Amino acid sequence: MLPETRFAILASCIYLPLGLGYVARKLMLLQPEVSKRISRTTLLTLEPITVLVGCWLLGIPSVGGAAVVPVVGALVSLGLLAMAAMGATLLGLRGARRGAYLNCGMMSNIGMSLGGFICYQFLGVQGQGLSVLYTAHFIPVCFTMGVVLASHYGQAEKATVGATLRGVAKNPVVLAPLSGLVVGLSLNALGVWVPAWVRPVNAVAVFGVVSLHSFAIGLTLRVSRVRHYWREILGLAATKFLFGPLSAAGVVLLLGQWGAYGGLMWRVAVIEGAMPVAIFATVVSNLFDLDRDLANSSWVVTTLACAAVIPALYLVTAL
């Protein structure tokens with residue numbers, strides 16, 4: 001597939017639904033609250049399919065080889081948090097604004113709504129499978145750390161850390177993708193034959209996931225407040241798009257995984273390391289009364305900036 005075709009598919013699946021969702025809200029055809037139902041339904045139906053198939057088709061050389069992939073992801077995310085902490089100090093951020101900035105720096109859109117989708121487009125189903133393993137660290141590392149930070153910097157807590165974590169552990173939106181992960185890895189380990197119809201179904205699910213998530217996000221877009229946070233946004237953009245991929249390459253190299261999975265490991269890590277602010281950072285900021293406008297504005301700008309970052313990622317990972 002030609003690079004131009006790949007980029008056209010990416011744009012049509014990410015930015016077109018995003019724009020349609022934004023227009024639907026502006027014309028009052030749909031209310032922003034609908035986005036929650038769309039995202040929840042997608043997470044409960046299509047996303048577990050992509051997780052299951054990605055792990056099923058992934059060539060896993062050993063249990064240890066599979067376990068090291070989320071470790072790479074965790075180290076990259078913690079490195080992003082450290083860089084965000086330095087940036088927040090340089091910018092003189094305090095309280096709720098600092099908390100929002102730290103979460104935006106650490107949490108990246110590494111799932112099938114963007115990072116995993118790009119891995120699938122550039123690297124095929126094996127890239128998709130590795131991205132699924134890479135993102136397995138998000139709940140135990142990023143979510144936990146994000147809630148702790150939000151609790152510390154928030155002006156008024158709406159839920160304790162323990163109560164929030166217990167709620168997540170019982171939430172079907174979390175359990176469904178995790179179930180897909182477990183089933184997919186089990187089928188892989190047992191050497192179960194993959195029927196011919198699985199790959200086409202997976203392709204439909206992948207495109208459905210990214211399109212529906214993008215449309216749901218478009219329903220909640222607010223662009224009028226962006227200009228008030230240009231310093232913070234520039235700092236986060238540098239953290240995500242410069243430090244992120246460089247640190248990811250460094251972690252893979254230090255762990256001796258550069259040639260893992262035929263060289264796919266470093267490619268997936270670099271792509272995932274360069275992803276924009278995650279939508280979940282805006283959710284946490286809202287839950288714990290952090291600076292919501294900072295989180296929303298940073299998400300909008302860094303997500304749109306991916307239009308320029310994605311071609312560069314293709315050139316780098318095609319080497």
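This is a predicted model: local features need pLDDT of at least 70, side-chain atom pairs count only at pLDDT 80 or more; totals for chains, interfaces and linings use all residues.
Residues are numbered from 1 along each chain as its sequence is written, and side-chain values use heavy atoms, with hydrogens and water left out.

**View 1. Cysteine 13 sits in helix α1 (residues 3-26).** Helices here are DSSP runs of H or I, at least four residues, numbered from the N terminus. With a relative accessibility of 9%, cysteine 13 is buried (under 20% relative accessible area, 1.4 Å probe, protein chains only). Beyond neighbours within four places in sequence, cysteine 13 is in contact with Phe117, Phe207, Val210, Ser211 and Ser214 (heavy atoms within 4.5 Å). Its C-alpha atom lies 9.8 Å from that of histidine 213, 200 residues apart along the chain.

**View 2. Phe117, Tyr120 and Phe207 make up one aromatic cluster.** Rings of Phe, Tyr and Trp (its six-membered ring) pair if their centres lie within 6.5 Å. By this rule there are four aromatic pairs.

**View 3. Phenylalanine 122 and tyrosine 314 pair edge-to-face, because their ring centres are 5.0 Å apart and their planes at 70°** (edge-to-face means over 60 degrees). The pair joins helix α6 (residues 115-134) to helix α14 (residues 292-317), across 192 residues. Phenylalanine 122 is buried at 10%, and tyrosine 314 is buried at 16%.

**View 4. Tryptophan 258 and tryptophan 266 are stacked, with centres 4.9 Å apart and planes at 0°** (stacked means under 30 degrees).

Terms used
Helices (H or I, at least four residues) and strands (E, at least two) are DSSP runs, numbered from the N terminus. Buried means under 20% relative accessible area, exposed over 50%, partly exposed in between (1.4 Å probe, protein chains only).
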